[in-house]
2 protein chains.
Amino acid sequence: MGKLLVVGSVALDTVKTPFGEAEEVLGGSATFFATSASYFTSVDLIAVVGQDFPEKHLAFLKSRGIDLSGLERRSGETFRWKGEYTHQLNEAHTLDTRLNVFESFKPKIPPHYQSPEMLFLGNIDPELQWDVLQQVRRPKLVACDTMNFWIERKREALWRVLKHVDVLIINDGEARALGQNPNLTHVAKQVLAQGPKHLIVKRGEYGVLMFNQAHTFGAPAFPLEEVRDPTGAGDTFAGGFMGYLAATGNLSDTAFRQATVFGSVMASFTVESFSLDRLRALDYKEIETRFREFKRLTQFEDLA
Amino acid sequence: MGKLLVVGSVALDTVKTPFGEAEEVLGGSATFFATSASYFTSVDLIAVVGQDFPEKHLAFLKSRGIDLSGLERRSGETFRWKGEYTHQLNEAHTLDTRLNVFESFKPKIPPHYQSPEMLFLGNIDPELQWDVLQQVRRPKLVACDTMNFWIERKREALWRVLKHVDVLIINDGEARALGQNPNLTHVAKQVLAQGPKHLIVKRGEYGVLMFNQAHTFGAPAFPLEEVRDPTGAGDTFAGGFMGYLAATGNLSDTAFRQATVFGSVMASFTVESFSLDRLRALDYKEIETRFREFKRLTQFEDLA
């Protein structure tokens, strides 16, 4: 049993950015999350793929120690997403979404997955997120992502889930839509009053803010010379964040802040290449080095 | 003689934001800069106003200890700017600009201003910035602001100035326009190769990045419950930044980082009210308190 359970999408992405393009490459929220978290802890994955899903991607995920007994393979085609980014890399323009086997997905949690220490509800229909919550023993920590599509169309179902979530991890546009307020401090108050104990707002190249009742933590994004493809950065962040917390078992304010930085570090690698290409080629020393660079980037007292 | 000399605009602003409006209120780059810096050090100001400029504003600036012997009063009307902000507070929409007496402004530096320790060239025509540089003994530190209007129309004159500037302080849109490159890391390399030893990129609610040859420093903006009017935030930042450096006389990497945080702290006050209303009502203890809060906001190790 892994320490960390993720439910989300495993997809084939076709992506175009000003720096290149990639066709039918490995993608999906659960994929980025699990690969990122696998650098810190053991991960169980719940998702669905079609008959057309390439064996080599399964082999890669297994090579990262990810338990795929919850990855259902169904007749039909794998979920596909096609998107484009302009130089304004913070915003993806979706050209095509084909849910395919995802359309009738009902997450089924294998018995040995049912007592996860921590759970990440990736960005899927809040009703499916709810189903997953019902099938597991209450984990020590539940985090959740969502998107404007669900915020607009399934607000009630989403809030039902959020009442049982410890950490809500969304981007700034989603936060403003959820809180129906442009001021993130006000949104945080609202969210924290209704369930989640922590709100993490991802702001792409502008970094991240984490709000809880007692404190706010802010970190810039790592300034990069090469940003080729932002796809998956948010899920990679969440994977680094939860992977670090699951590995240490520490849920102190300091641990949450450090987890946020590890999440940012992992995301900074993902965007350097298309798909999971940079994450594949990573070793833990590079993560530690960039964590130290991150400290150097942000500290303003007692510099060595 | 003040330690810090600023040349820029003194203006009457009419501003509308989603949180209110203000008509014919005190504004201008030199005004915000000098008021902010006056909390740290003594400031000499070079600018021009018309016959219509209210005495009470002069009295306020004098009450902050700002030397106004370089503030020319001419026949004609004071420079006026009219602008509006939507909920997207990072971007001002200029409705009207009347240069008035500013149109024929030729900065003349009084003799007792001619050996400043530090000089800030506020956002004016680069040819006027050049004139000012010619009239002073080389200060220990020269910083400079500009805007897209000059980047597009007076690129050569601007680069002539920048070759003699130590710190270029601009916003991210301006940085991208100046470097003709969307990646700020690439822009920084270009800028640092051609004169300035430090590039500070202001990103409004997203904070600030400071690049030099050896390091990059990044800080989030202080998350605020009340953001009423962003006008003057950038000049307030520059005033806090240079005021702190002038006060300490220290130009180490650590001092630059701390100055960046003091600049951010000062800007965080300015945006809480219209015009200089919040800056007027400030005392130094509030600045120190927010500096400590800023540390708490950004640190992720050894939390007390």
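Predicted model: local features only at pLDDT ≥ 70, side-chain atom pairs only at ≥ 80, totals over all residues.
**Why these labels fit**

User: Where is B:Ser275 found, and what makes it count as buried?

Analyst: You'll find B:Ser275 in the loop between helix 9 (253-270) and helix 10 (277-280) of chain B. Buried means under 20%, and B:Ser275 has 5% relative accessibility, so buried is the word for it.

User: What makes B:Glu152 exposed?

Analyst: Exposed takes over 50%. B:Glu152 has a relative accessible area of 59%, so it passes. This residue sits in helix 4 (residues 148-153) of chain B, and its C-alpha atom is separated by 21 Å from that of B:Gly83, 69 residues apart along the chain.

User: And why is A:Ser264 called buried? What does A:Ser264 touch?

Analyst: The cut-off is under 20%, and A:Ser264 has a relative accessible area of 11%, so buried it is. A:Ser264 is part of helix 9 of chain A. Leaving out residues up to four places away in sequence, it touches A:Val208, A:Phe237 and A:Phe294.

User: Let's do charges. How do you know that A:Glu72 and A:Arg74 form a salt bridge?

Analyst: The rule wants a side-chain nitrogen of Lys or Arg within 4 Å of a carboxyl oxygen of Asp or Glu. For A:Glu72 and A:Arg74 the closest N and O atoms are 2.9 Å apart, which meets it. A:Glu72 is partly exposed at 22% relative accessibility, and A:Arg74 is partly exposed too, with a relative accessible area of 21%.

User: What makes B:Asp166 and B:Arg138 a salt bridge, and which parts does the pair tie together?

Analyst: Their N to O distance is 2.6 Å, and the limit is 4 Å. B:Asp166 lies in the loop between helix 5 (155-162) and strand 10 (167-171) of chain B, while B:Arg138 lies in the loop between helix 3 (126-135) and strand 9 (141-144), so the pair ties together parts that are 28 residues apart in sequence. B:Asp166 has 3% relative accessibility, so it counts as buried.

User: Are B:Arg278 and B:Glu272, which meet in a salt bridge, buried or exposed?

Analyst: Buried, against the cut-off of under 20%: B:Arg278 has a relative accessible area of 17%, and B:Glu272 has 12%. Their N to O distance is 3.0 Å.

User: How many salt bridges does the structure hold over all chains, and how many cross the interface of chain A and chain B?

Analyst: Over all chains there are 46, and the rule finds 10 across the interface.

User: How many residues are in contact between chain A and chain B, and how much area do the chains bury?

Analyst: 38 residues of chain A are in contact with 38 of chain B. The two chains bury about 3,500 Å² between them, with 51% of it on carbon and sulfur atoms. On the chain A side, A:Tyr206, A:Glu225 and A:Phe300 lose the most area to chain B, together 22% of what that side buries.

User: How do you know that the copies meet through the same surface?

Analyst: 100% of the interface residues of chain A are also interface residues in chain B, so the surface is the same on both copies.

User: What rotation superposes chain A on chain B, and what relation is that?

Analyst: A rotation of 180°, with 0.0 Å of shift along its axis, superposes them with an RMSD of 0.0 Å. That is the relation of a two-fold axis.

Conventions: Residues numbered from 1 in each chain as written. Chains lettered and ligands numbered in written order. Heavy atoms only, no water. Contact = heavy atoms within 4.5 Å. Buried area = accessible area lost by both parts, 1.4 Å probe. Least-squares fit on C-alpha atoms with pLDDT ≥ 70 in both. Helix = DSSP H or I, 4+ residues; strand = E, 2+ residues; numbered from the N terminus. Buried < 20%, exposed > 50% of the residue type's maximum accessible area, 1.4 Å probe, protein only.
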